[in-house]
Amino acid sequence: MSYNYSNPYQSTSNTPSRPFNAPSSSAAVTSQARQVLFSGLPIDISEKDLRDLLLQEPTRLSPVTTSVKCFSGPDGRFCGIALIYVANAAEAEKIRVHYSGQQIDGSELYLE
């Protein structure tokens with residue numbers, strides 16, 4: 001008797017896959033796409049609030065290529081961490097320059 005095992009999560013092709021958990025509907029995923037990790041966010045901020053902030057001055061990111069994913073703990077409450085998906089390195093740098101170390105609603109932001 002023989003058993004053939006294949007891992008459905010392992011890619012057999014040499015083509016790069018989409019970034020892990022990258023939103024497919026609201027962010028254009030390209031080879032130049034970048035992710036920026038926000039931490040230290042106020043626990044009452046939503047994905048929409050953060051996205052709206054990034055679409056306004058001073059960053060004015062593209063609404064077509066900007067997406068936000070907020071993370072929650074096991075209890076379902078927002079834990080102050082969000083991953084921002086942008087189209088390219090220039091947009092990621094805009095976020096870093098304007099928001100790293102800044103405060104939103106009294107909470108200091110940390111970006112990676």
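Guide: Let's start with valine 86, which is buried, with a relative accessible area of 1%. Please keep in mind that this is a predicted model.

Visitor: Why is valine 86 called buried?

Guide: Buried means under 20% relative accessible area. Valine 86 has 1%, so the label buried applies. This residue sits in strand S3. Leaving out residues up to four places away in sequence, valine 86 touches Ala33, Arg34, Leu61, Thr65, Thr66, Glu91, Ala92 and Ile95. Its C-alpha atom is separated by 6.7 Å from that of serine 67, 19 residues apart along the chain.

Visitor: Serine 67 has a bridge partner in S3; which residue is it?

Guide: The partner is tyrosine 85. S2 and S3 run antiparallel, and 6 bridges join them.

Visitor: What makes S2 and S3 a pair of strands?

Guide: Two strands pair if there are at least two bridges between them. S2 and S3 have 6, so they pair. Their hairpin has 5 residues between the strands, and glycine 76 there takes a positive phi near 90 degrees.

Visitor: How many helices and strands does the protein have?

Guide: There are 2 helices and 6 strands, and along the sequence they follow the pattern β-α-β-β-α-β-β-β.

Visitor: Which elements give two or more residues to the largest nonpolar core?

Guide: That core has 18 residues, and those with the most contacts inside it include Phe38, Leu50, Ile84 and Ile95. Strand S1 (34–39), helix H1 (47–55), strand S2 (67–72), strand S3 (78–86) and helix H2 (89–99) each give two or more residues. S3 gives the most, with 4 residues. As for isoleucine 84, its contacts beyond four places in sequence include Val36, Phe38, Leu50, Leu54, Val68 and Ile95.

Visitor: How do you know that the buried residues of H1 are on the same side of the helix?

Guide: In H1, Leu50, Leu54 and Leu55 are buried. They cover an arc of only 135 degrees around the axis, and therefore they lie on the same side of H1. The buried residues of H1 pack against S1, S2, S3 and H2.

Visitor: Why is the contact of lysine 48 with aspartate 52 called a salt bridge?

Guide: The cut-off is a side-chain nitrogen of Lys or Arg within 4 Å of a carboxyl oxygen of Asp or Glu. For lysine 48 and aspartate 52 the N to O distance is 2.7 Å, so the pair qualifies. These two residues are 4 residues apart in helix H1, separated by about one helical turn.

Visitor: Is lysine 48 exposed or buried, and what is aspartate 52 called?

Guide: Exposed means over 50%, and partly exposed lies between that and the buried limit of 20%. Lysine 48 has 58%, so it is exposed. Aspartate 52 has 28%, so it is partly exposed.

Visitor: How many salt bridges does the structure hold?

Guide: The structure holds 3. Another joins glutamate 57 to arginine 60, with the closest N and O atoms 3.5 Å apart; because 3.5 Å is within 4 Å, this pair qualifies as well. Glutamate 57 is exposed at 55%, and arginine 60 is exposed at 53%. Arginine 96 forms a salt bridge with glutamate 93, at 2.6 Å between the closest N and O atoms. Both lie in helix H2, 3 residues apart.

How values were computed: Residues numbered from 1 in each chain as written. Predicted model: local features only at pLDDT ≥ 70, side-chain atom pairs only at ≥ 80, totals over all residues. Heavy atoms only, no water. Core = buried A, V, L, I, M, F, W, Y, C linked by side-chain atoms within 4.5 Å. Buried < 20%, exposed > 50% of the residue type's maximum accessible area, 1.4 Å probe, protein only. Contact = heavy atoms within 4.5 Å. Arc of directions from axis to C-beta.
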